[in-house]
Amino acid sequence: MLWFIGRRLLQMIPVFFGATFLIYFMVFALPGDPILALFGEKTPSPAVVEQLRAQYHLDQPFIVQYLLYLKSLVTFDLGNSFSGRPIADVMAKAFPVTLRLATLAVLFEAVAGITVGLISGLRKGKFFDSSALVVSLLLISIPTFVIGFVLQYVFAVQLGWTKATVGPQAGWSELVLPAIVLASVSFAYIIRLTRTSISENMGADYVRTASSKGLTRGRVVRVHVLRNSLIPVVTFIGADFGALMVGAIVTEGIFNIPGVGGTVFQAIKQGQGPTVVSFVAVFVIIFMVANLLVDLLYAVLDPRIRYAN
Amino acid sequence: MSIDTQANVGTASAATADQRKPMLEVRDLQVGFTTQDKGIVPAVRGVNFTLNAGETLAIVGESGSGKSTTAHAIINLLPGTGKITGGSVFFDGEEISAMNARQIEDVRGRLIGFVPQDPMSNLNPVWNIGFQVEETLRANGLADSKTDARQKAIKVLQEAGLSDAASRLKQYPHQFSGGMRQRVLIGIGLSSQPKLLIADEPTSALDVTVQKVILDHLAMLTRETGTSVLFITHDLGLAAERAEKLVVMYQGKIVESGRSKDILADPVHPYTRRLVAAAPSLASKRMQIQKVEDADATELTDALDVTMIERAEQREERAKSGRGYITVSDVSKTYTIRRGGFKADLFTAVDKVSFQIDKGTTMGIVGESGSGKSTLAKLMLKLEPLSGGAISVDGKDIDSIKGAKELLAFRRKVQPVFQDPYGTLDPMYNIANTIAEPLNTHKIGTSKQRRARVRELLDQVLMPQSTMNRYPGELSGGQRQRIAIARALALKPEILVLDEAVSALDVLVQGQVLNLLTELQQELGLTYMFITHDLAVVRLVADRVCVMQKGRIVETATTDEVFDNPKELYTQELLSAIPGAGFEFGR
Amino acid sequence: MPTDTVSPPGRGGRSPDHYVAPIEDTPLQAVDSVKVDAKVSSLWADAWRAMRARPLFWFSSVMILFIAFVGIFPQLFTNELPNDNCLLANSNGGPTAGHPMGFTKQGCDVFARVIYGAQASLTVGVVATVVVVLIGVVLGAVAGFYGGFSDGLISRATDIFFAIPFVLGAIVLLSVFQGPSNAIIVALILSLFGWPQTARITRGAVLEARGADYVTASIALGVTRFKVLLKHVLPNAIAPVIVVATVSLGIFIVAEATLSYLGVGLPPSVMSWGNDIAQAQVSIRTAPMTLFYPAAALSLTVLSFLMLGDVVRDALDPKERAR
C-alpha cells in the first residue's frame with residue numbers, strides 16, 4: 001500500500017509539470033503578444049501591461065519564465081485582478097462558497113444517482129429502468145446552462161420557491177437549486193454507471209455462490225452486489241471533479257453565486273485573461289489532486305489493487 | 001467435521017440407518033431459457049433420478065448437456081432467464097421446487113451445500129476469506145457472536161485442508177492459489193454440515209494432482225458426516241471413480257443411469273458407449289487390459305485404439321531414419337519479474353532442458369501449470385529468444401537464423417496450434433482468409449491456386465468446403481481447432497508444436513481431433529511436439545514422453561515405460577492422479 | 001425401438017437400477033457436425049442484425065441523417081435568411097404566418113436561425129470527433145502494441161493532457177486566441193484536450209487483443225509486427241472506440257454550446273445553437289420560446305448521437321451478444 005502511494009505520487013510529478021507547462025505554453029509561448037492576447041478585444045492601460053510583464057517575467061528566457069510562474073502558482077502569488085485585489089484573496093473568499101456548492105452537488109448526485117441506478121440495475125428492462133435511462137440521456141444531452149435557466153425560471157420565477165440569484169452570503173439553503181443543476185449531468189452518468197455495474201455483478205459467479213450459502217436476497221444485494229458495484233461509481237465521482245469545476249463556472253454564472261466559478265465566469269465575460277488563466281491553473285491542480293485521491297480510494301476499496309505489487 | 005458434535009453423531013447414525021432413504025428426488029425436471037428470438041429454449045427435458053442418503057451420484061455429460069443447469073435448478077439458482085418449466089424436486093421428503101424465495105433461502109447453505117466450478121470467480125474479490133466463511137456460518141445460525149464465528153470459521157477452513165487458516169483469515173481471495181480457493185469453497189459448502197452437497201465440476205480448473213488431493217479430502221469429509229453428494233462432471237473416469245451411481249446426460253435428457261460399475265462395464269446406450277470409448281483415462285486402462293487378456297478386451301476396445309497402436313509401430317519404424325531431428329540441449333529461459341520497489345527477481349521458466357525428437361514421431365511434453373511447458377513451446381517456435389542452451393532442427397541451430405528470409409524459411413518448417421479454440425482464430429477473418437493468411441504472407445501461388453489449396457486443406461481436416469465463407473464465431477471449439485490445424489498445415493511444415501491443442505475440448509471432440517492429428521502425421525510424415533497437462537491423452541498419441549516439473553525435466557522415456565514403470569516419484573503421482581486410474585474394471 | 005435391441009447380444013442380466021433411455025428420445029447426432037444451413041455471421045453482420053431490430057437505432061440514425069442534411073442544405077428548408085430581414089419591430093414576436101417559431105430579440109426569424117445553426121454544431125462535433133479518433137487511435141495503438149519506451153512516453157503525455165479537463169483547456173486557449181475563430185478552430189481546440197480518453201480506450205483494447213492466440217499464430221506464420229497490428233489487432237480493438245466516438249460527438253456539440261454561452265466559443269457572427277441560446281437567455285421571462293427552439297434542436301441532435309452510441313454498444317458488446 002505504501003509502495004502504491006509512493007509510486008502514484010512519483011507518477012504525478014511529470015504530470016504536474018507537464019500540465020502546468022502546457023497551460024503556461026498556451027498562454028505565453030504561442031505567437032503574438034501574450035499580454036495583449038489576455039485582454040482580447042480590449043486594450044489595457046500601459047500601467048497594467050507593465051505590471052503584467054513584471055509579474056510574468058516576460059523579459060526572462062522562456063524556461064525561467066515558466067519556473068517563476070510555477071513558483072508563483074505553488075505559493076499562491078497569483079498577481080492582482082482587474083480591480084487591483086490580489087487574486088489569492090479573491091480566491092480565498094470565493095472558495096468556501098464553491099466548496100459548499102460542490103458538497104451539496106456531490107451529495108445529491110451520489111445519493112440520488114446510486115439509488116436510481118440500483119433500482120434500475122435490479123429491474124433491468126422494466127418500466128422504471130427504461131424511464132431512468134431516458135431521463136439520464138436527456139440530462140446529458142441538454143446543456144447544463146439550459147437546465148439552469150429552465151429550473152431557475154420554473155422554481156424561482158414562476159413558483160417562487162427559492163431566489164433566482166444567490167446573495168453574497170451564499171447560505172446552504174440558497175445553494176440547493178444550483179447544486180442540483182450542477183450535479184445534473186453527473187447524476188445522469190452515475191445512474192448509467194451504477195445500473196450497468198449492478199446488472200453485471202448480479203450475474204457474477206460469486207453472487208450465485210453467496211446465494212447458495214443461504215444468505216437472504218437483501219444481504220446478497222447489499223454486501224456482495226452493491227459493495228462491488230460501487231467501486232467504479234465512487235471513483236467516477238472523484239474523477240468527475242473536472243466536470244464539476246467546469247459546471248461550476250456555468251452554474252455560478254447563472255445563479256450569480258460569488259464562488260470561484262462565478263469569479264471565472266465574470267472574468268471571462270469581462271475579458272480579464274490573467275484572472276481566468278490563474279484560476280484555471282489552480283483548477284487543474286485541484287483536478288490532479290482529486291485524481292490522485294481517487295486512485296488511493298480505489299486501492300482502499302479494491303484489495304486486488306491494494307495488495308498487488 | 002465436528003463443529004457440533006451432537007448434531008454430527010446424529011446425522012451420521014441417521015445416514016447409516018436409512019441408507020436407502022431418498023435424500024433427493026428429481027422428477028421429470030424441465031428447465032428452459034427465455035430468448036428474444038426463439039422463445040423458450042429447453043435446456044433440461046424431463047430428468048428423473050433419486051439420490052439416497054449417504055450416497056454419491058454423478059451426473060456426466062458434455063458441455064451443453066444440461067448437467068450444470070440441473071444442479072442449479074435444484075437449489076433454484078438458475079442464471080439469467082432460466083426457469084423451471086415443469087416437474088418437481090423433492091429434498092428429504094419436501095418439495096423444494098414449490099418453495100417460495102424465503103423458504104428456499106433457508107434450505108440453501110444449511111441443508112444443501114454447494115461447491116461451484118471455478119474457484120477464481122466464485123469468491124467475492126473485495127471481502128477477505130474470513131468474512132466470507134463467517135457470514136455463511138452466521139446466516140445459517142451456526143454462530144451467534146463475532147468471536148464465535150471467527151473460531152468456527154478457522155475450524156471450517158482447517159477441516160477443508162487449510163492448516164494455516166487462523167493466520168490467513170484476513171487475506172483476500174487473490175492472495176490464494178486456485179487449489180486453496182477451492183478448499184475455501186468446499187469449506188463454505190460443508191460448513192453447515194448439510195445433508196446434501198452439490199459439487200458442480202469442483203476441480204475442473206485445477207491441476208490433476210491438486211484435483212486428486214482435494215477430491216480425496218472431500219470424499220473423506222462427506223463420508224464422515226454421511227452427507228449425500230451430487231457430483232457434476234464432464235469426466236467419465238472421474239465420475240466412475242468418485243460416485244457409486246452414474247447419470248449420463250445428453251441433450252438435456254438422461255440416456256443411461258445406474259451403478260457406475262455396471263455402466264462402465266456394460267454401456268448400453270450408443271451415446272454412453274461413445275463416451276466410454278473416447279475417455280482417454282479409461283482408454284489407457286483398456287490398452288493394459290488388451291495386453292493381458294485379448295479376448296475380453298476386444299469388446300471394450302474400439303477401432304480407434306487398434307489403429308493408434310498400429311500407427312505407433314509404423315512411426316517407430318520410420319523414426320530410425322531421422323534420429324535426433326529436433327535436438328534440444330541444455331535449454332534455459334529466464335524472465336525478469338519486477339517486484340515492489342526497485343527489486344527485480346529472476347524467474348527461471350525453463351531450466352537446462354534436453355531431449356531429442358526423432359523425425360516423424362510424437363514427443364509428449366507433460367506438466368502441470370507452471371512447469372514451463374508452454375514457454376518451451378514459444379522457444380521451439382522462435383517466438384522468444386533462448387537464455388541458454390541450443391535448439392537445432394534438422395541439424396541447424398535455430399539461434400543462428402538471421403534475416404527475414406531465413407526466418408520465413410524456418411516459419412514454413414515449424415508451425416503451432418494453440419490451446420484456446422476461442423482465441424486461436426481472428427474473429428474478424430472468415431475461414432478462407434484465415435487459412436490463406438500463411439499463403440499470402442509467404443506469397444505462395446496465385447490467388448486461384450491459394451483458394452484451391454484452402455479447399456484441399458479443409459478436406460484434409462475433414463471440414464466441409466462450404467465453411468470457407470463462415471466466421472469463427474459460427475464454429476464449435478473442435479471445428480475451430482481443425483481450422484487452426486489447417487492454417488498450420490498450409491505451408492506444408494515438417495514440425496507441429498501442439499500447445500494443449502485438445503485440452504479445452506469435450507471428450508468426444510477431443511478424440512476426433514486426436515484421431516485427425518495422428519492420421520495427418522501418418523499421411524504427411526509430420527513430427528509433433530505435443531504439449532499437455534493430461535497424461536491420459538499422451539498415452540494415446542505420443543511415442544516418447546518428457547515429464548516436466550518447475551521448469552526441469554524429471555523423466556524422459558518411451559510412453560510405455562513411463563506408464564508401466566515410472567521411475568520418478570512425481571511421475572508416479574501424476575499417473576495415480578489421472579481420474580479413473582483407481583477404477584477397477586472388474587465385474 | 002425397444003431397449004433390448006440396443007444391448008449387445010449375449011449379455012443381458014443387467015442390474016434392475018440400470019436404466020437405458022429409448023434411443024429415439026435422444027437420437028445420436030454426429031459428433032461436432034458443422035451447421036451448413038445457418039446464415040453467415042461475422043461480428044459486423046451480427047451487430048448489424050442486432051441493431052436493425054431496434055427501433056431506437058432507426059429513430060436515432062434517421063434523426064442524424066436528417067440533421068446532417070439540414071446542416072448541409074439549410075436553404076432547402078427555409079426561404080428566410082437568418083440574418084437579413086431582421087426587424088427590431090418584430091423583437092421577441094410570437095409566431096406569425098411564415099414564421100412558425102416567432103422572432104428573436106433582434107427580430108430575426110427563429111426557425112431560420114435554428115435551421116442555419118445546425119451546420120456549426122455538426123461541424124464542431126464531426127471535426128472534433130474525427131481528429132480525436134485519429135490522434136487517439138494512432139497513439140493508443142502504438143502505446144498498447146509496441147509497449148516499452150513508446151508506451152511510457154505516450155502514456156505520460158496522455159496523463160498530462162488528461163489532467164486538463166477539456167472544456168477548461170479550451171477556455172484558456174480560446175480566451176488567449178487571437179484572430180477570427182470559427183467552427184473548425186473550436187473543434188481543433190476541443191480535440192487537443194479531448195484525445196486522451198480515446199487513446200486510453202484504444203490502448204486498453206489493443207493490449208487485450210495483442211495477447212490473443214491468433215496474434216501469436218500470425219507472428220509464428222511470419223507476418224510482420226506492423227501488419228499484425230494493422231490486420232489483426234486494430235480491427236479487433238476498434239469496437240469500443242466506435243462506441244465512444246459516437247457518444248463524444250454529442251458531447252462535443254454540448255461543449256461548443258457551453259463555450260459559446262461563456263462567450264469564448266464561436267463569435268456572435270457565426271450562427272450556432274449555442275450562440276442563440278446564450279442570446280435568448282436575457283429574454284427568458286418574456287419570450288421563453290426563443291430559448292426553447294434552439295435548445296431543443298441542440299438537445300435532440302445530441303440525444304440522437306447518445307442513443308445511437310447506446311445501440312451500437314449493445315450490438316458490439318460481446319457480453320450482450322452472448323445472451
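This is a predicted model: local features need pLDDT of at least 70, side-chain atom pairs count only at pLDDT 80 or more; totals for chains, interfaces and linings use all residues.
**View 1. The contact between chain C and chain A, which takes 43 residues from chain C and 47 residues from chain A.** Between them, chain C and chain A bury about 3,900 Å², and 77% of this buried area lies on carbon and sulfur atoms.

**View 2. The one salt bridge found across the interface of chain C and chain A.** In this salt bridge the side chain of Asp310(C) meets that of Arg192(A), with a distance of 2.6 Å from N to O. Polar contact across the interface of chain C and chain A is likewise limited in count, with one residue pair found when both residues are required to have pLDDT 80 or more.

**View 3. The helices of chain C on the side that touches chain A, among them α4 (148–162), α5 (166–176) and α8 (225–262).** Each of these helices supplies at least two residues to that side of chain C, as do α10 (288–316) and α11 (318–322). The most is given by α10(C), which contributes 10 residues to the side of chain C that touches chain A. Sorted by class, this side of chain C holds 28 nonpolar residues, together with seven polar and eight charged residues.

**View 4. Chain B, divided into domain 1 (1–111 + 199–265), domain 2 (118–191) and domain 3 (313–576).** Chain B has 23 helices and 20 strands, and of its 587 residues 58% count as buried. When contacts in chain B between residues at least 6 apart in sequence are considered, 69% of them join residues that are at least 24 apart.

**View 5. The contact between domain 1 and domain 2 of chain B, in which 16 residues of domain 1 touch 16 residues of domain 2.** Taken over C-alpha atoms, the centres of domain 1 and domain 2 of chain B are separated by 23 Å. The area buried between these two domains of chain B is about 1,400 Å², and carbon and sulfur atoms give 69% of that area. Across the interface of domain 1 and domain 2 of chain B the rule finds zero salt bridges, whereas three residue pairs are in polar contact there, counted with both residues at pLDDT 80 or more. The side of domain 1 of chain B that touches domain 2 of chain B is made up, by class, of 10 nonpolar, four polar and two charged residues.

How values were computed:
Residues are numbered from 1 along each chain as its sequence is written. Chains are lettered from A and ligands numbered from 1 in the order in which they are written. Side-chain values use heavy atoms; hydrogens and water are left out. Contact means heavy atoms within 4.5 Å. Buried area is the accessible area (1.4 Å probe) that two parts lose on being put together, summed over both. A salt bridge is a side-chain nitrogen of Lys or Arg within 4 Å of a carboxyl oxygen of Asp or Glu. A polar contact is a pair of N or O atoms within 3.5 Å; within protein, one must be able to donate a hydrogen and the other to accept it, and residues adjacent in sequence count only if both atoms are side-chain atoms. Helices (H or I, at least four residues) and strands (E, at least two) are DSSP runs, numbered from the N terminus. Ala, Val, Leu, Ile, Met, Phe, Trp, Tyr, Cys and Pro count as nonpolar, Asp, Glu, Lys and Arg as charged, and the others, Gly among them, as polar. Domain bounds come from an automatic or database domain assignment. Buried means under 20% relative accessible area, exposed over 50%, partly exposed in between (1.4 Å probe, protein chains only).
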